[in-house]
Amino acid sequence: VRLELAKLFSYTNRTEDAIRQYEVILKRNPNNFEASFALANMYSWDRRYYHRAIDLYRKLFLKYPKNVDARVEYGRLLYERGEFSKAEEAYRNAVELEPDNVDAHLMLGRIYVAQKQSDKAVVEFQAVIDAKYDNIDAHYYLAQIYSATPETYDKAIEHGLKVLEYEPKNEEVRLLVADVYASQEKFAEAADHYKILVEDNPDDDEYRLQYALNLNYAERYAESVEQFKILVDKKPEDKQVRLELGWAYLSLGMYSDAIVNLEYVTADDPWNVRARRGLARSYKGAGQVDEAIVEYKRILVIDPKDQEAHDFLKLYNIEYVQTSQLLDEWFNWPGKAYAGGPGVPQGPPGMSEAEERYRIRLAEELIAHNRYKRARYIYEELVRQNPENAYYHLALGHLYLMSGMWSSARHEYKMALIYSPGNEEALAGLERVRYESAPTVDVFVGYQEAKRFDSYLGTYRGGSRFTYRFWDGAEAFGEVTAARHLDTNYEDRKSVV
């Protein structure tokens, strides 16, 4: 009667009542297998009782060595606790007793996945499928494993499709299949799966973007345009979408629409070669040869080795010219690209935002390649056009500093402070100029010993500023007469005056 009552409590989700009944039964009869197994299962449902469940399962398979279910459940609890070695042993024992046990093979595979032993995991999951072909979990894990390497992409798709046959709404597997198809450059198949993802998740812009891109790659341009337009309507400033939409229009021969979208991209990102190439081709397709020539020239500013640009310009007997000349044409300036001295023709009275962004980007590229002189010319022109811009004065000051032009650097840092009072970077720059431009006195001891050289350093009196360079690499800056202060804290050394 009590056993039936415990089962009733279990079926009606009265877990605590069921546990109490089973515990009473086992106190009276510790050998009751049915009650022992049922109680172990109920313990395993609640993490508070995991240790009890583990102990009870262990007792069961030790008492009944051929009982596979107890070993499988014992292994599951160990797996959930992260005790993979013990769990593996339990499942191995279960497989020895019952070679076709699906649960044991499946859990062994999961253990090997957690341990990143893919080859062993594949063996176990395949054993599951051999025993029960429609086991979705095994197909799922095999799809995940096989999707990791190009050599096994076909197998990943095979197993992924099997999962979708039983679970068509499985978004994770649908995405995996779509991505693997795309990686194989089977763009039409990828697009078909992304279409389903979009239909199930109409507000997911990333799915829609991938759907549109794969339609593009599959040369289904009219369909891709429809998807890109939906994205542009939601977010008109998205340059990536505008770029792809422009190329889709170009592929359809809709040159005017392509030009509108690609010009939008280049206005904000002048260095985007793909956008400029699409724009050049659109102009060419629309019969606007002069505009196409200009765009191909601009491509050569960004990438002097671009073969398509060279080939097109040669058709019109235009040879490759120096970057500086191309920059002149880019902004329609007379004379040298960067005005920098008396008698040099100056540029227009103001710059567009796009031009400023372009010049800053070019300067950053030049600085990255240690071409400070060219970068300096750019910032000199930016300062001339924007005399109240503290950032430009600051950047120019840094360039002068790196070039050893102390007076010019000092002037620019002071100008930056006029338009940005208290600017810490400008103040630090001025201090650096003082430090770098000062004569150096070598002190052949460590910093902490410098006090012993007070009398020696004192002979350099006269108000000059020096950099004291110590044996241990430390440095201090200030008036020579301040040598007596050289025992100050390390953080204060450069502020000694």
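**Close-up views of a predicted model**

**View 1. Glu-244 and its contacts.** Glu-244 touches Leu-213, Asn-216, Phe-228 and Arg-274, leaving aside residues up to four places away in sequence. Touching, or contact, means heavy atoms within 4.5 Å. Glu-244 sits in helix α15 (residues 239-251). Helices are DSSP runs of H or I with at least four residues, strands are runs of E with at least two, and both are numbered from the N terminus. Glu-244 is buried, with a relative accessible area of 7%. Buried means under 20% relative accessible area, exposed means over 50%, and partly exposed lies in between (1.4 Å probe, protein chains only).

This is a predicted model: local features need pLDDT of at least 70, side-chain atom pairs count only at pLDDT 80 or more, and totals for chains, interfaces and linings use all residues. Residues are numbered from 1 along each chain as its sequence is written, and side-chain values use heavy atoms, with hydrogens and water left out.

**View 2. Helices α23 and α24.** Helix α23 covers residues 390-402 and helix α24 covers residues 406-419. Their axes come within 8 Å and cross at roughly 160 degrees. Axes are lines fitted to C-alpha atoms, for helices over the stretch in contact, and angles run from 0 to 180 degrees between N-to-C directions. The two helices, α23 and α24, are therefore roughly antiparallel to each other. Angles over 145 degrees count as roughly antiparallel, under 35 as roughly parallel, 65 to 115 as roughly perpendicular, and the rest as oblique. From α23, the contact residues include His-393, Leu-394 and Tyr-400. From α24, they include Trp-406, Glu-412 and Tyr-419. The contact residues divide into eleven nonpolar, four polar and one charged. Ala, Val, Leu, Ile, Met, Phe, Trp, Tyr, Cys and Pro count as nonpolar; Asp, Glu, Lys and Arg count as charged; the others, Gly among them, count as polar.

**View 3. Helix α22.** Helix α22 runs over residues 372-385. At 1.5 Å a residue, its 14 residues should span 20 Å, and its end C-alpha atoms are 20 Å apart, which agrees. The expected span is 1.5 Å times one less than the number of residues. Buried residues of α22 include Ala-375, Ile-378, Tyr-379 and Leu-382.

**View 4. Lys-116 in a loop.** Lys-116 lies in the loop between α7 (102-114) and α8 (118-131). Lys-116 is not a glycine, yet has a positive phi of about 60 degrees. Lys-116 is exposed, with a relative accessible area of 73%.
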